[in-house]
Amino acid sequence: MVLQSLLKNCLQLSCILRTPKAGFRSTMSGGLIIQSTSNDVYQNLAVEDWILDHMNLENRQVLFLWRNSPAVVIGRHQNPWQEFNLRLLRQKNIKLARRRSGGGTVYHDLGNINLTFFTTRKKYERMENLKLVVKALKALRPQLDVHVTDRYDILLDRQYKISGTAAKLGRTTAYHHCTLLCNADKFVLSSVLKSPYKGLKSNATPSVPASVKNLFEEDPSLTCEMLLDAIAEEYATQHQIDHHITLINPADETLLPGINNKTKELQTWEWVYGKTPKFSVSTCFNMVYKDSFLDVKVDMDVKHGRIEVCNIDLPEQWLPPALCSELVKSLTGSKFCPNETTTLATTLLRVCPQDNELHSRWNLLCENMIMLM
């Protein structure tokens, strides 16, 4: 679907339009500013894919504005177990998404703004985009000490990161997206972005830790809405278009044909976990049972999110070798996933001899194996 059809549909379907100072005028070239009405991370990432696949960007540059409910978003080539605390994410019901661009892991919530700049590949320039954001911030609050680094981050007061950046370059088109911390929950951010997993080796792209700060901490009068409008206004000024924001619903198949399939794909286990680069786990854990201590050594190779090789080393007298071998056999080829491992362990327990002592030891071992995931 070409851009002209998108604009036509927006008007025909009476899309909700924010009416800024200059009003709306449907020009067929220049820039377009779009904002999502959804706070769902999968829907918003799907819009990025849809725009890249369907919009004609030869004579049009697009700015996409979006915000998400609590979510952690990893780069295309990252390892979730290496990047953050998956158990904590599950406990807090925070969504996990893998985007199609590179870069590091970021935490999103409604106090964080997301900006995506779409262009042709020839016109792609992330430094200019970040300078635009800085200029908008300075126009809004001249006293803010913000600048862009050589790593394409935006720093506040020369030391606190308020914006990270990533990009996807296609054959003829490209997008650059970045975050902007306004009033995000820093306690949750710092808690989830710490991996508790030990003995993990991977060639996946690692995130670079940084001290972060909210713009709200510098100036409590700032809101996400103010920042979005300031950035949209600066974008409009630079592209000589009306400061007009078109709101779109990312679930609207009439407006965005095929969007829901894109959204569903981004939610699948095969995409979120299965796209993790191959990694290995070599670790020990200590089990306490009836005042005795037992060290267990575990080695696993994981490919496409599934256990390819598994070895569990523990004393024969503690658990029958045949039973341990059955666990290893069942784990091999299964997902590196606590839910699947729990199901396997429960199934195997049913065929174990009816021995309470044996069942207690089996459950303890399986609980510790699940903790590795």
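**Strands, cores and domains in a predicted model**

User: Which residue in β5 is the bridge partner of V72?

Analyst: The model is a predicted one. Strand β4 spans residues 71-74 and is joined to β5 by 4 bridges, with the two strands running parallel. Within β5, the residue bridged to V72 is L96.

User: In what order do the strands of the open sheet with mixed pairing stand, and by how much does the sheet twist on average from one strand to the next?

Analyst: This open sheet has 3 strands in the order β5-β4-β6, and its pairing is mixed. β5 (95-98) and β6 (106-108) each have a single partner strand, so they stand at the edges and one side of each lacks a neighbour in the sheet. From one strand to the next, the average twist is 25°.

User: At about what angle to β5 does α2 run?

Analyst: Helix α2 lies across two strands, β4 and β5. Its direction relative to β5 is about 15°.

User: Which two residues touch the most other members of the largest nonpolar core, and which domains does this core lie between?

Analyst: The largest nonpolar core holds 82 residues, and the members touching the most others are I312 and L365. Helix α2 (residues 41-54) supplies the largest share, 8 residues. Because residues of this core come from both domains, it lies between domain 1 (32-273) and domain 2 (279-372).

User: Which residues does L365 contact, leaving aside its neighbours within four places in sequence?

Analyst: In soluble globular proteins, nonpolar side chains tend to be buried together. Leaving aside neighbours within four places in sequence, its contacts are F285, M287, V296, I312, L314, W318, L319 and L327.

User: Is strand β2 mostly covered or mostly uncovered, and what is the bridge partner of G31 in β3?

Analyst: β2 (residues 30-36) is mostly covered, since being buried requires under 20% relative accessible area and 6 of its 7 residues are buried. It pairs with strand β3 (residues 60-66) in the parallel sense over 6 bridges. The residue of β3 bridged to G31 is Q61.

User: How far apart are the centres of domain 1 and domain 2, and how many residues does each give to their contact?

Analyst: The protein is divided into domain 1 (32-273) and domain 2 (279-372). Taken over C-alpha atoms, their centres are separated by 39 Å. The contact draws on 13 residues from domain 1 and, from domain 2, 14 residues.

User: Is K198 buried or exposed, and with which residues is it in contact beyond its neighbours in sequence?

Analyst: K198 is placed in the loop between α6 (186-192) and β13 (200-202). The cut-off for exposed is over 50%, and K198 has 59% relative accessibility, so it counts as exposed. K198 and L372 are 174 residues apart in sequence yet 8.4 Å apart in space, C-alpha to C-alpha. Leaving aside neighbours within four places in sequence, the contacts of K198 are V281 and T283.

User: For the residues that UniProt lists as "domain: BPL/LPL catalytic", how far apart are the end C-alpha atoms?

Analyst: The unreviewed UniProt entry lists residues 57-243 under this name. Over that range the chain is 28% helix and 29% strand. Its end C-alpha atoms are separated by 19 Å.

How values were computed. Residues numbered from 1 in each chain as written. Predicted model: local features only at pLDDT ≥ 70, side-chain atom pairs only at ≥ 80, totals over all residues. Heavy atoms only, no water. UniProt positions renumbered as here; feature names shortened; annotations may be inferred. Core = buried A, V, L, I, M, F, W, Y, C linked by side-chain atoms within 4.5 Å. Buried < 20%, exposed > 50% of the residue type's maximum accessible area, 1.4 Å probe, protein only. Domains from an automatic or database assignment. Contact = heavy atoms within 4.5 Å. Pairing = 2+ DSSP bridges. Axes fitted to C-alpha atoms, helices over the stretch in contact; angles between N-to-C directions.
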